[in-house]
Amino acid sequence: MFRILNKLFAFGQQETKRLWVCQETVKYFKDHAVRHFQDEEECMASVGYAGLKTHMRIHKNFRETTLLALEKELELTGYSEEAVNHFFGVCAGWLIGHTLIEDQSIVSHYIRRNGIRAFHCKTCGTIFEWKN
């Protein structure tokens, strides 16, 4: 995900490709978010994560509020450089923050509850490890 965002960011700096890059990035990020959120929510349900409903609200808010507002800003400004940078900044910041804080809480919940150092989520296929 980060590799793709970095490539798209580099392309987005080229004036002639800005519109296409933004449209493709929005489409990619939305598709990825929907797929990732579904997988993650199924994984949380499978391990009995107590914060599932709150986490689902966070996902819903990002999909239905944040992404839509960013798309609207891009369209209203004609994909201006400022709007493009805002889009990339918000998406990258959200992705990093969400992964470091919210997703790690799921891992720590499951690992602490079960007294293990790692687990393999059969729903999403991810191997989660807890490192002190």
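Predicted model: local features only at pLDDT ≥ 70, side-chain atom pairs only at ≥ 80, totals over all residues.

Residues are numbered from 1 along each chain as its sequence is written, and side-chain values use heavy atoms, with hydrogens and water left out.

**Overall fold**

The protein has 4 helices and 2 strands, these being DSSP runs numbered from the N terminus (helices: H or I, at least four residues; strands: E, at least two). From the N terminus on, their order is α-α-α-α-β-β. Of the 132 residues, 33% are buried, where buried means under 20% relative accessible area, exposed means over 50%, and partly exposed lies in between (1.4 Å probe, protein chains only). Among contacts (heavy atoms within 4.5 Å) with a separation of 6 or more, 58% are between residues 24 or more positions apart.

**Nonpolar cores**

A nonpolar core is a set of buried Ala, Val, Leu, Ile, Met, Phe, Trp, Tyr and Cys residues joined through side-chain atoms within 4.5 Å. In the largest such core, which has 16 residues, L67, L74, F87 and C91 touch the most other members. Two or more residues each are given to this core by helix 2 (18–46), helix 3 (52–76) and helix 4 (81–114), and helix 2 supplies the largest share, 6 residues. When residues up to four places away in sequence are not counted, L74 touches C22, V26, Y79, A83, V84 and F87. A second, separate core of 5 residues includes M44, Y49, L52 and I106.

**Polar pairs**

H55 lies in helix 3 and, at 1% relative accessibility, counts as buried. Leaving aside neighbours within four places in sequence, H55 is in contact with E40, M44, H98, E102, D103 and I106.

| Side-chain pair | Polar contact |
|---|---|
| H55 and E40 | 2.7 Å |
| H55 and H98 | 3.4 Å |

There is 1 salt bridge, defined as a side-chain nitrogen of Lys or Arg within 4 Å of a carboxyl oxygen of Asp or Glu. K27 forms a salt bridge with E24, with the closest N and O atoms 3.3 Å apart. K27 and E24 are 3 residues apart in helix 2 and are therefore separated by about one helical turn. K27 is partly exposed at 45% relative accessibility, and E24 is also partly exposed, at 27%.

How values were computed
Polar contact = N/O pair within 3.5 Å; in protein donor to acceptor, adjacent residues only side chain to side chain.
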